[in-house]
Amino acid sequence: MTTQPYDLVVRGGTVGTSTGSFVADVAIRGGTIAAIGTGLGQGAREIDATGKYVLPGGIDTHAHVEQVSAGGLLNADSFESATTSAAFGGNTTLVSFAAQHRGLDLRKVVDDYAALAKRGALIDYAFHMIVANPDKKTIEQDLPELIREGHASIKIFMTYDLIKVDDEPLLDLMLTARQHRALICVHAENHGMISWMGRKLVERGYTAPKFHSISHPRGSESEAFTRLITQAALIDQPIMIFHVSTAEGAAVIRQARGQGLKVFAETCPQYLFLTKADLDKPGMEGAKWMCSPPPREIADQDALWQALALGDIQTISSDHAPYRFDETGKLSAGPNANFKQIANGLPGLETRLPLLFDALVSKGRPEFAGRGLEAFVDLTATAPAKIYNLPGKGAIQPGYDADIAIWDPKREVTITDEAMHDLTGFTPFAGHKVMGWPETVIRRGEEIVSEGTLKAKPGSGRWLSRTGGPAAEPTGKLVLEMDPARNFGATIL
């Protein structure tokens with residue numbers, strides 16, 4: 001009796017998990033991981049991973065792809081180009097945004113966006129639904145239906161004139177999310193403070209890109225976090241706070257989690273590796289480093305690393321928002337635009353994992369006390385899969401999708417604009433030297449990047465239907481006003 005060979009065996013690499021690492025073979029059959037061990041049977045194809053790290057493919061849960069901004073600008077990347085770039089950066093799953101603007105029907109927005117992804121995506125994907133038009137149909141009909149169909153997270157902006165959601169409709173959206181078990185994800189900054197500061201700066205002639213960095217007062221973040229968390233506690237609705245940038249913001253999250261509130265949080269490489277000084281460039285050059293919230297200070301970087309080590313912030317996403325440095329993107333308002341007229345956003349799908357591998361694994365951030373590899377896997381794959389309920393993703397274990405990145409820990413790379421595979425034309429991390437690079441990327445058992453060559457076809461990525469999962473389950477701890485035992489019997493939730 002002969003044993004059927006595995007489809008693929010990755011031999012002799014160091015398998016990394018969120019809890020430890022070990023040298024082993026990984027066998028793949030039918031797109032899933034069939035076995036992990038030593039001396040596994042023959043594979044129809046084999047990869048020698050001796051001296052390499054065999055890690056889960058990255059999961060980037062915050063990327064703007066083929067999306068029109070509130071100001072009407074289509075960003076630089078299609079699904080094909082964005083997921084190509086993501087794959088070369090070691091990623092196998094992406095969560096991007098189906099973005100409703102005011103006056104648009106959410107059902108049509110999601111259906112049209114799904115068609116773009118189906119045509120172009122090379123890696124697996126899911127969507128967050130951006131809601132900017134919280135009317136009766138959106139809240140009572142479209143959201144419940146779309147959540148049931150597998151779109152289990154809702155993105156809200158608390159700032160920006162054209163898309164912000166004010167406190168009362170935000171509570172309506174939280175209630176709908178609670179009733180249908182979806183996660184609420186929020187860009188939380190104080191709109192009034194940002195608007196006022198921007199106006200005052202421009203009135204006084206402070207218009208260069210560098211002034212963007214102070215137009216978002218750091219207090220606007222912690223204030224909005226506090227207000228958002230208070231509202232979420234009223235409804236007993238779990239929330240994810242996007243792109244934490246300040247020490248004060250991280251402290252608010254730590255306090256809330258210490259009180260038992262269900263608050264999740266992410267940060268991004270721009271807040272861990274850049275500061276506001278990066279915007280201080282001649283002419284309009286600093287526009288390339290403009291994102292919202294803006295990069296802050298070295299002290300904030302240290303506070304964010306500490307928050308990651310403590311578990312107060314659980315994931316690191318790219319917030320990939322690609323705008324070219326020309327009239328189609330950053331300079332759409334002309335070559336002498338003021339900072340208020342410049343599109344906000346940075347590319348980052350391809351650089352996220354190499355920057356973090358270098359910091360956590362190669363250099364070993366002291367906050368992680370020798371568990372840098374485990375932290376890297378958890379922050380970039382395992383925790384995102386758990387929080388956003390992506391079954392079969394985020395770990396190397398039998399029965400899971402065979403989504404694997406094989407890293408050469410000794411490969412030194414200087415990041416350059418020319419090396420990137422997205423369509424932005426630049427990277428804000430150009431010149432950064434990193435040790436460690438993903439050389440082979442496997443998606444559901446298929447090699448999609450190998451020896452610097454893309455092997456996947458557009459449209460070969462799969463949409464991932466998901467429920468809200470455990471992260472979206474309310475705590476059951478009701479505030480006084482919502483508890484019938486203490487509010488004269490009123491039932492509101």
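Helices here are DSSP runs of H or I with at least four residues, numbered from the N terminus.

**Figure 1. Arginine 254 in helix α8 of the predicted model.** The structure shown is a predicted model. Arginine 254 lies in helix α8, which runs over residues 247-258. The relative accessibility of arginine 254 is 43%, so this residue counts as partly exposed; the class lies between under 20% for buried and over 50% for exposed.

**Figure 2. Contacts of arginine 254 beyond its sequence neighbours.** Which residues does arginine 254 contact, leaving aside its neighbours within four places in sequence? The partners are Leu310 and Asp312. Arginine 254 and leucine 310 are 56 residues apart along the chain, and their C-alpha atoms are separated by 9.0 Å.

**Figure 3. The largest pocket and the residues at its centre.** The largest pocket holds about 970 Å³ of space. Its lining consists of 42 residues. Those nearest the centre of the pocket are Ser69, Ala70, Tyr160, Ala343 and Asn344.

**Figure 4. Composition of the lining of the largest pocket.** How many residues of the lining are nonpolar, polar and charged? The lining divides into 17 nonpolar, 21 polar and four charged residues. At least two lining residues each are supplied by strand β9 (153-157), helix α5 (191-203) and helix α6 (212-215). The largest share comes from α5, with three residues.

Figure 5. The unreviewed UniProt entry carries the annotation "domain: Amidohydrolase-related" for residues 53-446. Over residues 53-446, the chain is 37% helix and 18% strand.

**Figure 6. The whole chain, for orientation of the close-up views.** The protein contains 12 helices and 17 strands. Along its principal axes, the C-alpha trace spans about 75 × 60 × 45 Å. The radius of gyration is 22 Å, which agrees with the value near 23 Å that a compact globule of 493 residues would have. Of the 493 residues, 59% are buried. Among contacts with a separation of 6 or more, 77% are between residues 24 or more positions apart.

Note on methods:
Residues are numbered from 1 along each chain as its sequence is written. This is a predicted model: local features need pLDDT of at least 70, side-chain atom pairs count only at pLDDT 80 or more; totals for chains, interfaces and linings use all residues. Side-chain values use heavy atoms; hydrogens and water are left out. UniProt positions are given in the numbering used here, feature names are shortened, and annotations may be inferred rather than shown by experiment. On a 1 Å grid over the protein atoms alone, a cavity is a set of points where a 1.4 Å probe fits but cannot get out, and a pocket is an open set with protein on both sides within 12 Å along at least five of seven lines; lining residues have an atom within 4 Å of a point. Grid points are joined across faces, edges and corners, and a volume is the space filled by probe spheres set on the points. Ala, Val, Leu, Ile, Met, Phe, Trp, Tyr, Cys and Pro count as nonpolar, Asp, Glu, Lys and Arg as charged, and the others, Gly among them, as polar. The radius of gyration is taken over C-alpha atoms; the globule rule is 2.2 Å times the number of residues to the power 0.38. Buried means under 20% relative accessible area, exposed over 50%, partly exposed in between (1.4 Å probe, protein chains only). Contact means heavy atoms within 4.5 Å.
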